[in-house]
Amino acid sequence: MLALAAVTAGYGAFTALWDVSLRVEAGEAVAVVGPNGAGKTTLLRAISGLIAPRAGSVVFEGAELAGHPPYDIVAHGIAHVPEGRRLFPQLTVAENLKMGAYLPSARARFRESLERVYALFPALAERPRQRAGSLSGGEQQMLAVGRALMSRPKLILLDEPSMGLAPVMVLRLFDLIRRVREEGYTILAVEQNVRQVLKLVDRAYLLEVGRIKMEGRAADLAEQDFIRKASVGF
Amino acid sequence: MIAPIFLLEAVVNGVLLGGVLALLALGLNLIFGVIDIVWVAYVDLVALCMYAVYFLVTLYHWPVWLAGLGAVGVGVVLGLLVHLLIISPILTSPPINQFLATGGLLFFIQSFATLLWSTDHRSVRVTLPTLEVAGIFISFARLIAFVLSILAMIALYLFLTRTYTGTAIRAVSQDREAIALMGARPRRLYLVTSAVGGAMAGIAGALFSIQYAVHPYFGNAFGPLTFMICVLGGLGNMVGAFFAAFIIAQVISVGGVLVSTEMGYVIAFVIFIVLMFVRPGGIFARRA
């Protein structure tokens, strides 16, 4: 479904990703783990078009997307839940979800999508008129995921969904992501919470200082010293 | 001592003036709130729209209401031109450059209008009746301007809250990157915002032209007032600007009757200066 080949990307003179290749098959959940500063966020930003890769290709369902703007890439079916959630804080919960359905194809199915998101995240259904900025951290993350689902994506990119959440909330959030998965969405997540994310995904890649260092099935990786490497970087 | 009836008349006139001032302030505030740039020449665009009404009526013999609609179209085109020719190339420059560029536009428009049309005061000379309600005299032109301003602001409110494009315009000012991830094109949203801001200038121009004569320096009469209202309400705060417009209009109108017309403006600006010391974020700013 998604194939990255030799993607190199960075900001200005700084290169954060070197020659990264990875694949995500339809229906799969894949994690990219690695210590802080490994380039995980840059990887997702290069896929969703927030930065243009300097070299390499990003192919999604046969279409080359490298260098395309984000509004074009989301129209191809890739929704990005960015680092730090990036909600519209002054807009209400309902308005944030409405913005998620901005694409013409998504607008046509707005009501249906909204019901699905509210069914997945009942906490959001209880407060449609509340400003997004005044939600709790966990609710904000639910809204960020719900907003991404509103575009009717085929692939969801999740950037550190557990960041800044209380431990109890982290567990609940991973449960919710599992439910999103069961709905049939393909997921590519980057996470520092390695132990939790390995329980959720089929396969994982280890990213270190901008390069893929290891790859394998989540169950196998959990056995090895992968977790220590992914968490502390050596 | 001023008779209560004159005071009441001043209050009514203040409310009517407030409607048009609010419309001006909302147009300017929309641009600032979304694109983060102050169109210093905003009221000069309004003056150009007034010229459009004048020439459509006197040269082409359009009825005034149709010329007013034409002015709204002129406003939209002017808004788009200002964005494409002046704002877009300097979108990421330091604010001082943007300020100088739109400030330069002000001098350009004023000089250009003087060159083309001289400094004559031009008016479409519509003779509208004056209403008398319970001993108070109300200009019919002012009443029309007030009602249409309120309707235009309601339309703007519905656009910004009910439509996808309007909501995205509010969203792009909060997170430009995130709205692109939703599938919207930020640059196109800026263009729509500029067109809407231009339309508001066109409506204000049409409504002014039935009350005032236009001349090249018309913008100087209402420009500073409009900024003052925007700053008082909190730059970018639409609701704040709406109420600030009515407060300032009341001060000008009632102050004008109690003391003198000039003193009405002096009092308004003194209140503004004092409030800027007391509440620099605007009277409606939430305390951090």
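**A helix pair and a sheet**

Mentor: In chain B, helix 3 passes helix 8 of chain B in a right-handed crossing. Keep in mind that this is a predicted model. Two packed helices are described by an angle between their axes and a distance between the axes. Here helix 3 of chain B covers residues 64-87, and helix 8 of chain B covers residues 186-209. Their axes come within 6 Å and cross at roughly 145 degrees.

Look at who makes the contact. Helix 3 of chain B brings residues including B:Gly68, B:Ala71, B:Gly75, B:Leu78, B:Gly79 and B:His83. From helix 8 of chain B come, among them, B:Tyr190, B:Ser194, B:Gly198, B:Ala201, B:Gly202 and B:Ala206. The contact residues of these two helices divide into 14 nonpolar, 10 polar and no charged.

Now turn to chain A. Six strands form an open sheet there, in the order 6-7-8-3-9-10, with mixed pairing. Strand 6 (78-81) and strand 10 (211-217) of chain A are the edge strands, each pairing on one side only. From one strand to the next, the twist averages 15 degrees.

Strand 6 of chain A runs parallel to strand 7 (residues 155-159) of chain A, and four bridges join them. A:Ile78 has A:Leu155 in strand 7 of chain A as its bridge partner.

A helix covers part of this story too. Helix 1 (residues 40-48) of chain A packs on the sheet. Helix 1 touches strands 3, 6, 7, 8 and 9 of chain A. Its direction makes about 150 degrees with that of strand 7 of chain A.

Technical notes
Residues numbered from 1 in each chain as written. Chains lettered and ligands numbered in written order. Predicted model: local features only at pLDDT ≥ 70, side-chain atom pairs only at ≥ 80, totals over all residues. Pairing = 2+ DSSP bridges. Helix = DSSP H or I, 4+ residues; strand = E, 2+ residues; numbered from the N terminus. Axes fitted to C-alpha atoms, helices over the stretch in contact; angles between N-to-C directions. Contact = placed C-beta atoms within 7 Å. Left-handed = near helix turned anticlockwise from the far one by under 90°. Nonpolar A, V, L, I, M, F, W, Y, C, P; charged D, E, K, R; others polar.
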